[in-house]
Amino acid sequence: MATIAQLLDEVLPQTPITTVAQLVRLTGRSPQAVKEAVDRLHRAGVLVQTTAGRRNRAFEVDGLVELIAGFERSLASPVGDTAVESPVRPVPRRSPDH
């Protein structure tokens, strides 16, 4: 079975937006085992579904993309905050709610 710990530790940090099929390929676990682990992480709020419907669902690690983008933005400003001083290199766009 694809354990939740395996998904959290080994796979999800590398693929913050993913599908069950992709996780099956990355973990080598059965589709059923991965689906059960994903469903548990989804119910726990760790994964957020980004697509509609029940088939071919995509999931995002809640907050991870924003965390990575924020880190990139902090590195782009000489003062560590692109809201205070403009970036000196290209950066991800700031999400509307930040």
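This is a predicted model: local features need pLDDT of at least 70, side-chain atom pairs count only at pLDDT 80 or more; totals for chains, interfaces and linings use all residues.

Q: What angle do α2 and α3 pack at?
A: About 120°. Their axes lie 9 Å apart.

Q: Why give both an angle and a distance?
A: Two packed helices are described by the angle between their axes and the distance between those axes.

Q: Which residues of α2 and α3 make the contact?
A: From α2 (20-27), they are Val-20, Leu-23, Val-24 and Thr-27. From α3 (31-43), they are Pro-31, Val-34, Lys-35 and Val-38.

Q: And how does that contact split by class?
A: Six residues are nonpolar, one is polar and one is charged.

Q: New topic. How many residues are in the largest nonpolar core?
A: It has 14. Leu-7, Leu-12, Leu-23, Val-34, Val-38 and Leu-47 have the most contacts inside it.

Q: Which elements supply at least two residues of this core?
A: α1 (4-11), α2, α3 and β3 each do. α3 gives the most, with four residues.

Q: What about α4? Which of its residues are buried?
A: Leu-64, Ala-69, Arg-73 and Ala-76 are buried.

Q: What covers the buried residues of α4?
A: The cover includes β3, residues 58-61.

Q: Last one. What span should α4 have, and how far apart are its end C-alpha atoms?
A: α4 runs over residues 64-76, so it has 13 residues. At 1.5 Å a residue, α4 should span 18 Å. Its end C-alpha atoms are 19 Å apart, which agrees.

Note on methods
Residues are numbered from 1 along each chain as its sequence is written. Side-chain values use heavy atoms; hydrogens and water are left out. The expected span of a helix is 1.5 Å times one less than its number of residues. Buried means under 20% relative accessible area, exposed over 50%, partly exposed in between (1.4 Å probe, protein chains only). Contact means heavy atoms within 4.5 Å. A nonpolar core is a set of buried Ala, Val, Leu, Ile, Met, Phe, Trp, Tyr and Cys residues joined through side-chain atoms within 4.5 Å. Axes are lines fitted to C-alpha atoms, for helices over the stretch in contact, and angles run from 0 to 180 degrees between N-to-C directions. Ala, Val, Leu, Ile, Met, Phe, Trp, Tyr, Cys and Pro count as nonpolar, Asp, Glu, Lys and Arg as charged, and the others, Gly among them, as polar.
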